[in-house]
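I opened my notebook today to look up a few side chains and who they meet. Here is what I jotted down, one entry at a time.

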Amino acid sequence: MNFIVFITLLGCISPLLGMFLIQLIGKSALVDKIGTTLIGVSIVCHLFVFSNVWGGEPIVLSIDWLKIGQHQFNVDFKWDALTSILLSMVSVISLFVHVFSSSYMQGDPSLKRYYSLLGLFTFSMFGVLISDHLIFLYLFWELVGFCSYMLIGFWREKQLAISAAKKAFVVNRIGDAGFMVALVALYSQFNTLSLSEIQSQFAVSELHVHLLMIAGVGVTLAAMGKSAQIPFAVWLPDAMQGPTPVSALIHAATMVAAGIYLLVRCYFFLPEEILLCIALVGGVTAFVAAFAALTQYDIKRILAFSTISQLGYMMLSIGVGDPSSSVYHLITHAFFKAGLFLGAGAVIHSMHQVSCDICKGFDPQDIRWMGNLRKYMPKTFIGFSICLAGLAGVPFTTGFLSKDAILTTVLARGLEDGGIWIFIMILGFSAAALTSFYCLRMFYHVFLKDLGIANHKVCKDCLVLPKEVNSKMYLPVMILGFCTLWFTMVINPFETSHSWLQDGIGVPQIDHHQHHTLAVILSVSMLIVGLGVAYFIFILGKGIAFKKSFKTSTLYKLSYNFFYLNELYKFGAKSLIKTGEGLDKIPHADEYFVNSAIVTSEFVRGFDDKVVDFFVKVFAVGNVVIGHVLAWFDKDIVDGCVKLFTRFMQLLGDVFRKPQGERSQSMIAWSVILLAIILGILI
């Protein structure tokens, strides 16, 4: 094993080593230091690998694993430009989460379990990124799901947390079933599950279209489940029951990013019909989730819906044929979304200090109790504000650059292809306006308006004002805010594509320069519309009558309840359970069911034998009869008419040919006779 391979492996297994060390040492005072140190080792290793593979050859590690008959399976790992930049991003976000957690989770009795799971979670995501063999990608994919299940339900004493963990687990299993089907379809087509070999065969082989379609549907379902797309999006808002730093890791760098990464890796074999479905799902998700975020009061739920919406943008970008912009947005979104969740964690942590004996029970995550925190938490305010500007797509942020790269491609596709692509384009731009609206609404409630709890009549005498958190909590937010500024990607703040990131990751990208100016104008217009309406309503305090009427409208209820998707699922589940219970109460229900199935089968068989077959025979006989009639008509009628006409024409020709064929004397005689007849008539 050479040095570079050793470094690549060390970078990936460091979090796993941290987990084992934490379990062995067992001292709570050291667990955060062990975990943070080994994530630091990962960052150093990944940056070293990044410097070697960026613009160069990928590092490939293949080990013989299993042989079944003639089938050989290898353990294939690959570090290319895309993998190395994502590994660096995940390790950096994980480091900030570890540092933040050392203060946020201080005093928690389960700190050892917490840091062990953080390490395993990070290691699992590393495994997803480096696996070039789909079997191992699937194994790490499941490990990511398991870790998220454990971390969402980390506080086992909370029933809501346990329910949220179960929901995330179950919903993701539906998508994972699609992944399994895709694996079978791909193996039957290519006789391998190595992504590199599949890609090389794809360019030269004759392919079975239906198998590729099945594989495309499978990986799309898997990505929809992992990345919380409609209709699988219900688990992500509830996942807020876990610790807030975990939310930062899930929403920015691990769980939800895995689905987008899978689609980007599999993009080369996705049929055009599947890409259209992906674009449609992404566009609808971006709009619906942004619409749901408009009316939420829990700061973490607002951010959760914003994550779903931004993931919709990434799916949309893949669907319109621009996976490069999807990866671009995945990385920029990771930094500002991690900053927002850690900032929200700092705000919640500070609001917890405000409570007193009388006003205990208020929700520290409810933005209506917050306000004027720019005064009490100025450092958190700076970092959070920049990250929020990135989410809203304000110019001079990376969020503006990556989102506009997507919208430019969407605009180009809509203008060039028309039809349903125009509808998808409208969804994308409308979601941008909604995003800026709910961002300013949240910003106003948290940082601008008067402190909500201070206006509570009971708490005026016992109020403890919120205060700035310590440096372990505000520094990560400020650094992530710095990473959200535009110059980390490009020099020109309005150049939405061809950043160093897009040019280097080796993922196909579209040259949409001709639509760039129009896309920027439209995007900024959407931003101004959203911010303008929010400014008018919240900061100027206008439109109070409209606000009151809107709160009683159907649109408000749809938004606040996320289009009642949870209720629909509950209704479906209850119906199934009720049906099952009803059948269970019927004596010998299983026997009736089997007998009914047999009777139904017999009926179908009889229908097939006696009805379908009869009509098939009648149809066949009819075809034969009609064929004979047509043959007779053709032979005796059509051909007879043709022959009769031919003979008539022959006879007529003979009549006129005979006089022309006599001698000249006869012709003269005939002419004299005809002339005499004509003169006789005239005289």
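**Entry 1: a tryptophan in a loop.** I started with Trp 54, which sits in the loop between helix H2 (28-53) and strand S1 (59-68). The model I am reading is a predicted one. Is Trp 54 buried or exposed, or something in between? I found a relative accessibility of 23%, so Trp 54 counts as partly exposed. Next I looked up its contacts, skipping neighbours within four places in sequence: among them are Ala 81, Ser 84, Trp 500 and Ile 505. I noted that Ile 505 is 451 residues away from Trp 54 along the chain, yet their C-alpha atoms are separated by 7.8 Å.

**Entry 2: aromatic pairs.** I reminded myself that two aromatic rings are described by the distance of their centres and the angle of their planes. How many aromatic pairs does the structure hold? I read off 32. I picked Trp 141 and Phe 179: their centres are 5.2 Å apart and their planes stand at 85°, so this pair is edge-to-face. Trp 141 belongs to helix H5 (residues 134-152) and Phe 179 to helix H6 (residues 159-190), so the pair links distant parts of the chain, 38 residues apart. Both Trp 141 and Phe 179 are buried.

For contrast I turned to Phe 546 and Phe 550, a stacked pair with 6.0 Å from centre to centre and 20° between the planes. They are four residues apart in helix H22 (residues 544-551), so about one helical turn separates them. I also wrote down a cluster made of Phe 396, Phe 400, Phe 482, Trp 486, Phe 487 and Phe 494.

Entry 3: I then moved to charges, since side chains of opposite charge can pair when their charged atoms come close. The count of salt bridges is nine. Which partners does Arg 413 have? One is Glu 272, with N to O at 2.8 Å. That pair joins helix H17 (residues 398-417) to helix H12 (residues 272-293), across 141 residues. The other I noted is Asp 417, whose closest atoms to Arg 413 are 2.4 Å apart; both lie in helix H17, about one turn from each other.

I checked burial too: Arg 413 has 17% relative accessibility, so it counts as buried, while Glu 272 is partly exposed at 44%. The charged end of Arg 413 also sits over the ring of Trp 421, 4.0 Å from its centre.

**Entry 4: one network.** Last, I noted that Glu 142, Arg 173 and Asp 176 are joined by salt bridges that share partners. The charged end of Arg 173 sits over the ring of Phe 169, 4.4 Å from its centre.

Methods. Residues numbered from 1 in each chain as written. Predicted model: local features only at pLDDT ≥ 70, side-chain atom pairs only at ≥ 80, totals over all residues. Heavy atoms only, no water. Phe/Tyr/Trp six-rings, centres within 6.5 Å; stacked < 30°, edge-to-face > 60°. Helix = DSSP H or I, 4+ residues; strand = E, 2+ residues; numbered from the N terminus. Buried < 20%, exposed > 50% of the residue type's maximum accessible area, 1.4 Å probe, protein only. Lys NZ or Arg CZ within 6 Å of the ring centre and 35° of its normal. Contact = heavy atoms within 4.5 Å. Salt bridge = Lys/Arg side-chain N within 4 Å of Asp/Glu carboxyl O.
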